[in-house]
Amino acid sequence: MRKKLRGAAIVLCLVLILFSGVQLYRYWQESLQSEAVYTQLSQAVQLPQSDLAEEENVSWPEVDFPALWETSPQIVGWLTCEGTQIHYPVVQGEDNDYYLTHLPDGSYNPGGSLFLDCRSAADFSDAHSVIYGHYMKNGTMFGELTGYKEQAFYDAHPQMLLVTPQGRFTVELFSGYVVSVEENAWVLGFSTPEEWEQWLDETKKRSVFRSEVHPSVQDRVLTLSTCSYEFENARFVVHGILKQAG
């Protein structure tokens with residue numbers, strides 16, 4: 001009887017080892033696939049050392065959108081945050097599900113893409129736009145976004161850059177906090193200017209980091225959203241003012 005139990009335990013251990021190996025191999029393959037696609041896309045983006053960049057103290061990505069569109073015609077922008085791994089194209093699908101599990105070239109991958117809410121204007125002209133991305137433990141995609149839970153991270157990275165076919169924008173960050181999916185961090189339409197102002201005030205007050213940036217109803221706001229794990233269905237959102245450069 002003991003021999004049978006010992007044998008069953010050995011078989012079970014072997015099965016678990018095999019299963020874990022398969023999972024690790026699959027994760028490795030998916031990571032390589034994702035890295036290959038984004039490396040190819042990044043070849044259409046350069047960070048030149050121009051006089052304008054030095055004057056503004058901003059290194060603007062030079063984005064070749066026609067080249068990007070050869071891989072994915074649904075690319076609507078390029079988001080970058082200097083000093084982090086956030087340096088990705090932003091796509092927009094017909095719904096908010098497809099790019100959760102697909103790369104910009106349309107290939108299946110659980111890492112997904114950074115994608116603009118399907119209800120938002122593709123040129124980011126709405127008062128409020130939202131970009132979603134997975135929290136990846138290796139720091140890719142929006143894995144580093146949760147760094148904004150700490151004041152020091154915000155102090156080191158107070159802004160991001162967004163380049164679109166229509167122009168270049170700084171994203172002046174003013175708030176970041178953990179929120180439930182049941183709350184209103186992702187509302188895209190407001191009935192009155194007063195509702196919009198109230199929403200801005202609430203998001204500013206909820207921030208876990210201090211910022212001297214104060215949004216107004218005349219501003220355009222970009223929200224970046226990823227998963228968080230403080231409780232079930234938690235999300236971490238970061239809000240910033242979109243300011244067009246030049």
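View 1. Thr 80 is placed in strand β3, which spans residues 75-80 (strands, E, of at least two residues and helices, H or I, of at least four are DSSP runs numbered from the N terminus). The model is predicted, so that local features need pLDDT of at least 70 and side-chain atom pairs count only at pLDDT 80 or more, whereas totals for chains, interfaces and linings use all residues. Residues are numbered from 1 along each chain as its sequence is written, and side-chain values use heavy atoms, with hydrogens and water left out. Thr 80 has a relative accessibility of 9% and counts as buried (under 20% relative accessible area, with exposed over 50% and partly exposed in between, for a 1.4 Å probe and protein chains only).

**View 2. Stacked rings of Tyr 154 and Phe 209.** The ring centres of Tyr 154 and Phe 209 are 4.3 Å apart and their planes are at 10 degrees, so the pair is stacked (Phe, Tyr and Trp rings, the last by its six-membered ring, pair if their centres lie within 6.5 Å; planes under 30 degrees apart are stacked, over 60 edge-to-face and the rest tilted). Tyr 154 belongs to helix α4 (residues 151-156), while Phe 209 lies in the loop between α5 (193-206) and β9 (220-228), 55 residues apart; both residues are buried.

**View 3. Tilted rings of Phe 190 and Trp 199.** With centres 5.7 Å apart and planes at 55 degrees, the rings of Phe 190 and Trp 199 form a tilted pair. Phe 190 is partly exposed at 24% relative accessible area, whereas Trp 199 is buried at 2%.
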